[in-house]
Structures are given as structure tokens and as C-alpha cells.
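Q: Please take a close look at the part of this model where the two chains meet. Which elements make up that side, and how are the two copies related?

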There are 2 protein chains.
Amino acid sequence: MSPVVGVIGGGQLARMMIPAAVHLGIDIRVLAENEGESASLAVSHLGDYRNAADVLRFCEGVDVITFDHEHVPQDVLGALLDAGVTVRPAPDALLYAQDKLLMRERLAALGIPIPDWARVSTAEQLGAFLDEHGGAAVLKTPRGGYDGKGVRVVHAASDGDDWFAAGGDLLVEELVDFRRELAQVVARRPSGELAMWPVVESVQRDGVCAEVIAPAPASAGRLADVAADIATAIAEGLGVTGVLAVELFETTDERLVVNELAMRPHNTGHWTIDGSTTSQFEQHLRAVLDLPLGATGCRDEWSVMVNVLGGPSTGSLADRFPRALAAQPTVKFHTYGKAPRPGRKVGHVTAGGDDLDEVVYRARAASGFFAD
Amino acid sequence: MSPVVGVIGGGQLARMMIPAAVHLGIDIRVLAENEGESASLAVSHLGDYRNAADVLRFCEGVDVITFDHEHVPQDVLGALLDAGVTVRPAPDALLYAQDKLLMRERLAALGIPIPDWARVSTAEQLGAFLDEHGGAAVLKTPRGGYDGKGVRVVHAASDGDDWFAAGGDLLVEELVDFRRELAQVVARRPSGELAMWPVVESVQRDGVCAEVIAPAPASAGRLADVAADIATAIAEGLGVTGVLAVELFETTDERLVVNELAMRPHNTGHWTIDGSTTSQFEQHLRAVLDLPLGATGCRDEWSVMVNVLGGPSTGSLADRFPRALAAQPTVKFHTYGKAPRPGRKVGHVTAGGDDLDEVVYRARAASGFFAD
């Protein structure tokens, strides 16, 4: 009777699809690796997403399969397609969110603005790239990196020796001289309809998203148009269905170049839960079910999201609720039901209003109650 | 680690607590009578809410028990208190939402404005009340009524004979000459903190809430103040914890009198999910956990909620999504996962904006896609 969406992965992105599914009337089921994961309320199966038999069992009775993360191997995805399962985004699109070398090759072929880059498999090749780019570059493992993992700044040809020893090609990119980081989140359904939220500014700390300001200050006009055009070209060029997040550098010479892609709801879109008519989680469900997309207008002039990371002595986040909720009655608190290990994303807060400085202050103050 | 709230009853009110619990990070568990009820995603136990043993088993490991409906017998609630379970609202408050005769007696004692009323146990007593009130009155069974059930307009002393024959006293009330129906929804936590949304107008059809306009048109000032004072006096006078909905008549001579009470989230508060900073469902969870209450400001100048009732040939609501969602991208759709029997509340829609006529139009148009 209700449409059934199966989500592979039990993290906070799957968790935050639950409220949207409950309200809209969608039956949501989650495949998690372990009990007690963030999305445990909707877990219908425990299993290994690398095991085709586990995943196929989970797919029984499901109308469409989608993802909490990009790590499901292509051979497992192929087995789903062979079995007639609808998978969105499709494996041949998801590929470009799984492998950064393939992504750079494909975006280059599409004419999308990206940093200078090269595929390197030896220290000599890395050294040559460094010589051509002022002696500094960013080295990335093509697969498995997130939140600053699998990424390092290099200055010498030998700086990648450990990764080269592990085998496989690496991606090296110019160290972009950027003013700030932006993100353009968009949703596309199989029929081709596209909807996007305003481009946002993303503030990173230690390679992890710390704050998001929506819309990005001083972005109206050319910047917003260019970001939208880039995201549209990628969504259509790669045939993405569901939510696509395009992370961008705004360079000091006022160009936008693509940093990373994610084909799922993304940290830079969490503000939409409280700040937009349609959240990225509801939109992702609509898109993968090929339902008409919702309006993406802003509920407030400014929305600011601040992540909550586990601190050195953060116990249960709920212990902080009495003070935090009393101090910030207008802030929306989101916690992910995860053990708060230091540096781990365990929640976020979103504030909204007309005065950006005041909104930033309120969001940071609310997050600060969980910080130590 | 997370606070645990147990909800007795698996209907749409329990269902709509799930999104709020997931976002805030509250572990929500539901006791339902049958599989497949509206709140089934959070059901941890199946059992009979009239059976103390069933309910006590459900209470293990729960921090606080609250309700989807008012029908849990006082002897079962007493057994929970005896076992040391925290129950909110407390049984001695909930009593007044369970029994309309006790409610009328108590509100009269508190000096709250209510219609003329009497306890009647014979046709003669009913006839005497009719003689004193122009030959028409409203007769109600004290317990078990909802959505127009257990309520009838009477004109003759014999009009209640079937109910008298079933035994027990009845409540008879004057037929209030009212201009419109209003509702004041408020939340109160055990510590005494109180928060309320603006008074709303509730449009009833066939004894069932059809539409809610928030705030009630032309209510700013005296009307809002009187409604707030009445709801505060009841919440404090009865010691209510959690959400309290006070249904009011606005009489043709511009008085407000109390019609009904509900001590749980209420249909007249559904607009708060999309229209207020804090929804009634989040506020109810905060209140029963004795956490600080959230801000109750409006996200839009006007919010209009229209219920979706099952129509004569309504199949799966999801079949209507492609047309409905495409036509109304700004409207928020909520469906309850219930089989759409004719006249049954199976969902609602909420629209928001600056122009009331336009907002009403959009909400009705969205609901209309499910009407036939």
C-alpha cells in the first residue's frame, strides 16, 4: 500500500530519512551492519553491504533501494540490477561518487571546472606534479575517504610512499587558493525534474564540516547562478537520481571549481530540515520514488547549522539537554543516537532568523553546550 | 543513554511523535493493540491497554509513560503508579479528559466559563433540562466519545432512552449559540513551565475537525488573551503535564466557553509540525520528560491544516501522490498509514503563507486530491 524505500547503511543520514518517511507515509526499511546504529528504529535486516546475498535478502518487497553511504561495491550493485531491483542513484552514476579518479576524469570530459589534477602511481609522477604546481599539492586515495581521511597535503615526492606501497593509483590535485568553501545541493528524479536549494557556505575544521550558512553570504547573482549551473550539469551529465551534493571552492580569483561529490543527503544540507519548505531527506525520498519534488524555498532569511562533535568528556548528549534547551528555545536540536567519541559527529543544531550575526551566535551557543 | 518515552496506543498521534523523537534523540516505544497500526514503526510491544500486566511489561526500561488516547482505565494507571512508573499526564489529571461529567464538575469548581450543564440519569431529568433551555440541548455519554460519537442533539425527554437503558449518568449541556469553534493548545511540564501556540479556529464537519486556521482570524488581543487565560487556568488547575488542547466555543455574544478537553497532542495542533518553531509532538515529548519547552512562534503569517478523510473510493493514498505533489509543491503532506475507510482520518495537509484566502485555497486543493 505505502511505497517501500530500502536504505543501505544505518548511519545518521538513514536516521534522518525516517521523519520524512513517517510524515509523508513512506514505509522505510534499513539494512544496518550492527544493532544499535543511528537508524536502528527503521532497521529491518542486519547484514553486510559487501555481501550480495545479505543485500538481496534485504531487497525483498522493497520498491527502491537507496543509500546512507557510497561504499556498496559495484559487484553487489550489479547483482541487485540482475535481480530486477530498482537502485537509485543507479550504480553507473554512483560510481563517480565512489572513485575520485573516475570522478575527475568524467567531470573533465563534461567540461566542469575542476582543479588541475593527475592520476599518479609513482613517487616520480607525484614529484613531477609538485614541480609543475609550486611544490605543494593535495594527494587523495580514490576510494574510501571521508571527513579528511584519505586526503593529505604533500610537499615532497616521497610524501605518498605509504599509500603507493598499498597499491593502486592515487589522485593528485593542485592546492587550490580558495577564499571559502561552498556547496550546492540538488535533487533530481528519474523523469528529469530537478530542484535545488540555495548555494551554502561550508566552514571546515580539521577536514570536517563544522558550520553551514544558508544561503552563502554575498552569493546572490553570479555566484548562485554559476553554482546552480555546475550542479545541474553534473546531475544531468552523470544521470544522478536522488540528492547530489557538489562541494565547491570559491577561488581567490572568483572562480568556482568542484572539490567533491556525494550522491545522498549531505551534511551541507542538514539545515534544510528546519530551514526549507522541503528537507533534503524528504526530497531524496521523493526523488528516488520518482515523485514530484517539493518546494525548496527558505523558511528564514538565514539558517545556520553547527555540527555537534563528541568532546573529550561528553557523556550522554541528553544530560546536556536541560541547560541547552532552556538557553536556546528557538534552536532546533538534532542528536543521532551515537556514542559521543571525541571528534565524532553526533548531532547538529540549526538556528534561523533575519540577522546573520545573531543567528550564528545562537547556533554556536547551542552547539557549545555539548562541546566539552 | 537516550531518554526513553513509552506511548500507550498506536494511532496517528503516537506516529507523529516519532519524527520529533528521532530528531531530538529520544528513544520512543509504542504499545499497540495490533500489528500494522499507524505508529507501527515504533511498536515495541503488542498488548491490551486495559490489561495491567500487558502494560507493566511494556513499561520496563521506560523513563516516562504517555498516551496516544485517553482510554487507559484508572485501575491500570493505578497499577503503574504502584509499580513506580512515571505517568504523564498523571492519572488524577487524565481523569478529567476521560470523564466529561467529572470535567464539567471540576471546571465549574475552578470558575472556568462552560456551557450550562447537568448530570442526568432519567428521561424526566433530561426533560426538565430541555424545558429550562428552550427545548433543545446536547446530550453526551461521559466516556468514550470522540469525533462526534457519544454526542447528539436532543429535543425530547425520550431522545436519550437508549443511552439511559445502557446505564450510568449522562451529561446534558445547553446548545451553545456559537459563532465559531476555537482551540487553545498549551504544553505544561511538571516543573510548571508553560508554553502555548496562538489560539486557532477549528472548522468542524459532521462532528469531525475538517480544517484549522492558525492563528484564528481576528483573534489578536482580547480573544487571544481570554483563550490563553482559560487554558492556563485549566492546565494549572488540573495539574496537566504534556500537551493540553482546550476546545472552545466563541459565542454570538462574544464569550468563550469550554467545550472539550484533550490531554495529548490534538488535531487542532497538527499545523504546528510545519507552521511553528516547535511542533506539539516535540513539545509533548519535552514536557513529559520535564525538559525545557521550545519556542512556539509561527513560521508563517497563516497556517491552514485540512484533514484528509477516506472517500468512497479512496484506495492507497500514495496512488494520489504524483498528481497531488506536482500540483502543490509548497504544501506539506502527511499520511498516517491507515486503510482509508470512508470518513476516517487518514492524513492531513498544511499550507502556509501571507494571504489567508490563498493559503486556504492551497490547503483545500491539496486535500482534495484524496477526497473521492
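A: What follows describes the contact between the chains, then the symmetry, and then a strand and a core residue. The model is a predicted one, and in it 34 residues of chain A are in contact with 33 residues of chain B. On the side of chain A that touches chain B, the elements that give two or more residues are helix 1 (12–24), helix 11 (321–327) and strand 16 (332–335) of chain A, and of these helix 1 gives the most, with six residues. By residue class, this side of chain A divides into 20 nonpolar, eleven polar and three charged residues.

As for the symmetry, chain A is superposed on chain B by a rotation of 180° with 0.0 Å of shift along its axis, at an RMSD of 0.0 Å, and the two copies are thus related as by a two-fold rotation axis. The C-alpha of A:Pro19 is the one in chain A nearest the axis, at 2.1 Å from it. The same surface serves both copies, since 97% of the contact residues of chain A recur in chain B.

Strand 16 of chain B (residues 332–335) is covered on both faces, with B:Lys332 and B:His334 buried on one side and B:Phe333 and B:Thr335 buried on the other. This strand pairs with strand 17 (residues 345–353) of chain B in the antiparallel sense over four bridges, and B:His334 has B:His348 as its bridge partner there.

Turning to the core, the largest nonpolar core has 205 residues, and those with the most contacts inside it are A:Met17, A:Leu244, B:Met17 and B:Leu244. Not counting residues up to four places away in sequence, B:Leu244 touches several residues, including B:Val186, B:Arg188 and B:Met263.

Note on methods
Residues numbered from 1 in each chain as written. Chains lettered and ligands numbered in written order. Predicted model: local features only at pLDDT ≥ 70, side-chain atom pairs only at ≥ 80, totals over all residues. Least-squares fit on C-alpha atoms with pLDDT ≥ 70 in both. Contact = placed C-beta atoms within 7 Å. Core = buried A, V, L, I, M, F, W, Y, C linked by C-beta atoms within 7 Å. Buried ≥ 20, exposed ≤ 12 C-beta atoms within 10 Å, placed from the backbone. Pairing = 2+ DSSP bridges. Nonpolar A, V, L, I, M, F, W, Y, C, P; charged D, E, K, R; others polar.
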